[in-house]
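Hello,

Here is the structure for you to look through. My notes on what was found follow below it.

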Amino acid sequence: MSIFDLRLETARLLLRPPCAEDFAAFAAFCADPLPMRHLGGVQAPSVAWRSLATLTGSWHLLGYSMFSVIEKGSGRWVGRVGPWQPHGWPGPEVGWSIVADRWGHGYAPEAARAAIDWAFDTLGWERVIHTIAPDNHNSQAVARKLGSQVLHATRLPPPHEVDVEVWGQSRQAWLARR
């Protein structure tokens with residue numbers, strides 16, 4: 001079985017590695033200033049393609065990366081959620097980004113719970129972090145719902161070079177709440 005056959009399911013969502021068929025929805029997401037406000041800004045389609053290729057490449061290099069989040073009821077691509085730790089990153093992250101018209105539906109915490117379970121159970125991670133801009137109140141609320149707390153502040157490595165709060169928790173704390 002290929003890593004690209006991997007599927008995680010929640011009550012409403014399917015999480016799977018990204019594929020080329022996700023590009024149109026991914027590019028539209030990357031062109032929306034609302035979700036991209038805290039993700040480096042709006043991206044042209046050529047840059048969005050490189051971003052999608054980076055996520056897919058991480059699956060090959062590391063055996064994990066962000067999942068595409070698919071709404072079960074509609075089959076629509078609604079975001080990217082999952083484990084992420086590029087070179088120089090401040091730790092093993094599970095991050096989330098959901099299309100703006102699905103904010104407030106609980107998709108980010110629902111998908112993140114499945115991704116965190118997978119990171120702890122399958123990848124063997126001992127801790128998980130979330131890098132969140134200090135003014136990103138929506139993501140802070142998601143982190144709180146997951147049981148994470150602010151651990152410290154840092155600056156992300158190039159090319160990002162932005163100040164973030166590092167939220168997170170240990171495997172032990174996660175399992176105690178689950």
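**Aromatic pairs**

F67 and W118 are both buried, buried meaning under 20% relative accessible area, exposed over 50% and partly exposed in between, with a 1.4 Å probe and protein chains only. The model is a predicted one, in which local features need pLDDT of at least 70 and side-chain atom pairs count only at pLDDT 80 or more, while totals for chains, interfaces and linings use all residues. Residues are numbered from 1 along each chain as its sequence is written, and side-chain values use heavy atoms, with hydrogens and water left out.

Rings of Phe, Tyr and Trp (its six-membered ring) are paired if their centres lie within 6.5 Å; planes under 30 degrees apart count as stacked, over 60 as edge-to-face and the rest as tilted. The count by this rule is 9 aromatic pairs. One of them is F23 with W49, edge-to-face, at 5.2 Å centre to centre and 80 degrees between the planes. F23 belongs to helix α1 (residues 23-30) and W49 to helix α3 (residues 45-62), so this pair ties together parts 26 residues apart in sequence. Helices (H or I, at least four residues) and strands (E, at least two) are DSSP runs, numbered from the N terminus. W49 has 44% relative accessibility and therefore counts as partly exposed.

F67 and W118 are also edge-to-face, because their ring centres are 5.4 Å apart and their planes stand at 75 degrees. With F67 in strand β3 and W118 in helix α4, the pair ties together parts that are 51 residues apart in sequence. Separately, F26, F29 and W77 make up one aromatic cluster.

**Salt bridges**

The whole structure holds 10 salt bridges, each a side-chain nitrogen of Lys or Arg within 4 Å of a carboxyl oxygen of Asp or Glu. In one of them D22 meets R16, with the closest N and O atoms 2.6 Å apart. D22 counts as buried at 4% relative accessibility, and R16 counts as buried at 13%.

Another joins E71 and R102, at 2.8 Å from N to O. E71 is in strand β3 (residues 67-71) and R102 is in the loop between β5 and α4 (107-121), so this pair ties together parts 31 residues apart in sequence. E71 is buried, at 8% relative accessibility. Through shared partners, salt bridges join E71, R76, D101 and R102 into one network.

D163 and R155 also form a salt bridge, at 3.1 Å from N to O. R155 is partly exposed, at 48% relative accessibility.

**Strand β5**

In strand β5 (residues 93-98), 6 of 6 residues are buried. E93, G95 and S97 point one way, and V94, W96 and I98 the other. Strands β4 (residues 77-84) and β5 run antiparallel and are joined by 6 bridges; two strands pair if DSSP finds at least two bridges between them. R80 stands opposite S97.

**Q169**

Q169 counts as buried, at 7% relative accessibility. The side chain of Q169 makes a polar contact with the side chain of S148 at 3.0 Å, and a polar atom of the Q169 side chain lies 2.9 Å from the backbone oxygen of L146. A polar contact is a pair of N or O atoms within 3.5 Å; within protein, one must be able to donate a hydrogen and the other to accept it, and residues adjacent in sequence count only if both atoms are side-chain atoms.

Regards
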